[in-house]
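Keep the 3D view open as you read.

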Amino acid sequence: MTVRRAGKAWLLTGGAFGLCAGFLALLLVGTYAAAAGFLGGAGSAATGTVALAKGSVPARYQGLVQRWGNLCPAINPALLAAQLYQESGWNPRAVSPADARGIAQFIPGTWASHGVDGDGDGDRDIWDPQDAIPSAASYDCALAGYVKDVPGDPASNMLAAYNAGAYAVIKYGGVPPYSETRNYVKIIRSLEKSFARPQGRLAPSQQAAGAIHYAQGKLGTPYLWGGTGTAAQGGRFDCSGLTQAAYDAVGIELPRVANDQYNAGPHPSRDELLPGDLVFFSDDLTNSRAIRHVGIYVGGGYMIDAPRTGAVIRFDRIDTPDYFGATRVTEDGAAALPPRPPGTWA
């Protein structure tokens, strides 16, 4: 993990724990009091054009997703982004065991009939995101057209047609009763929320207090790169290992690395942060895949984090030049994230 360039830290040793526990209590009381107003304002988002959350789509694809995600009423940029993330994790060279190819994971036979020349260069290249992303949107809209007379939500019916075929959606008058298909629809609709810029107040997390309580209990523990708190590691953590363990303690399974944890729910703005939100840091503020550090917000502009080798789990300020954004973890959002093979920890 890259070393965090934090400001003056609250180092916690020996008798300082009681003082810091009181400090945390003050932060929580003040911030949760402010959150009381959010509860009344939480609800469904306002209608209108869906914008992408900051940095949720890599910068080189953001314009494509925003443009082609508005191709027809059944899709939007956040839904298209959720599909692409689920299918390939933004990898334009991805190949599945079923020979699905590229960033949009088209099977060659489907590409032959639905691939489009998105960049107008005279060819249809399954490996080129400039063609594959427009083709994914075009294919979604074609499927939506096939099931347009089926009752229910057009986007969910379109996704079900993508997974099970339009005939099954028509036959069952909506999302068919196949567990794989229903799970696919639920995953994409949940991920959609993590790619959309919120249009209204977000409901507070119900698990935040428990996650903070867990992290508070680890204050003063030495940092370990790659640490997930196992006995063999002496109960030590790196940054994303700590956040993963804190939410596992309240029954929510987060991915192992920080840049995947960013997609575990919707993204509150800086002035709407509440205790329990995950806060992220990066040297590239345009791309969530470049995130390299994460902490748990506790209020008052502070987080609990495992900062770097040689430091301990502690309080740090979040308002630094590398602050990227935040995620309000939800159970559905975390469950929707695709598994990732072990890699470089962030």
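**Starting from V65**

Find V65 and look at what surrounds it: setting aside neighbours within four places in sequence, V65 is in contact with L52, V57, P77, L80, A81, L84, W90 and I133. Contact here means heavy atoms within 4.5 Å. Before going further, a word on what you're looking at: this is a predicted model, where local features need pLDDT of at least 70 and side-chain atom pairs count only at pLDDT 80 or more, while totals for chains, interfaces and linings use all residues. Residues are numbered from 1 along each chain as its sequence is written, and side-chain values use heavy atoms, with hydrogens and water left out.

Buried means under 20% relative accessible area, exposed means over 50%, and partly exposed is in between (1.4 Å probe, protein chains only). As a general point, nonpolar side chains in soluble globular proteins tend to be buried together.

Stepping back for a moment, the protein chain has 12 helices and 5 strands. These are DSSP runs numbered from the N terminus, with helices being H or I over at least four residues and strands being E over at least two. Of the chain's 346 residues, 52% count as buried. Among contacts with a separation of 6 or more, 64% are between residues 24 or more positions apart.

Helix α2 (residues 59–68) packs against helix α3 (residues 77–88) at an angle of about 125 degrees, with the axes 7 Å apart. That angle makes α2 oblique to α3. The cut-offs are under 35 degrees for roughly parallel, over 145 for roughly antiparallel, 65 to 115 for roughly perpendicular, and oblique for the rest. The axes themselves are lines fitted to C-alpha atoms, for helices over the stretch in contact, and angles run from 0 to 180 degrees between N-to-C directions. V65, Q66 and W68 of α2 make the contact with P77, L80, A81 and L84 of α3. By class, that gives 6 nonpolar, 1 polar and no charged residues; Ala, Val, Leu, Ile, Met, Phe, Trp, Tyr, Cys and Pro count as nonpolar, Asp, Glu, Lys and Arg as charged, and the others, Gly among them, as polar.

Follow α3 to its other partner, α5. These two pack at about 115 degrees with their axes 11 Å apart, so α3 and α5 are roughly perpendicular to each other. Here L80, Q83 and L84 in α3 meet I133, A136, A137 and D140 in α5. The contact divides into 5 nonpolar, 1 polar and 1 charged residue.

Most residues other than glycine have a negative phi. D99 in that loop has a positive phi of about 70 degrees as well, but D99 counts as partly exposed, at 32% relative accessibility.

Further along the chain, look at helix α10 (residues 239–248). How many of its 10 residues are buried? The count is 9 of the 10, so α10 is largely enclosed by the rest of the structure. What covers its buried residues includes α9 (208–216), α11 (258–261), β1 (278–281), β2 (293–299) and β3 (302–305).

Finish in the loop between α9 and α10, where you'll find G220. G220 is partly exposed, with a relative accessible area of 22%.
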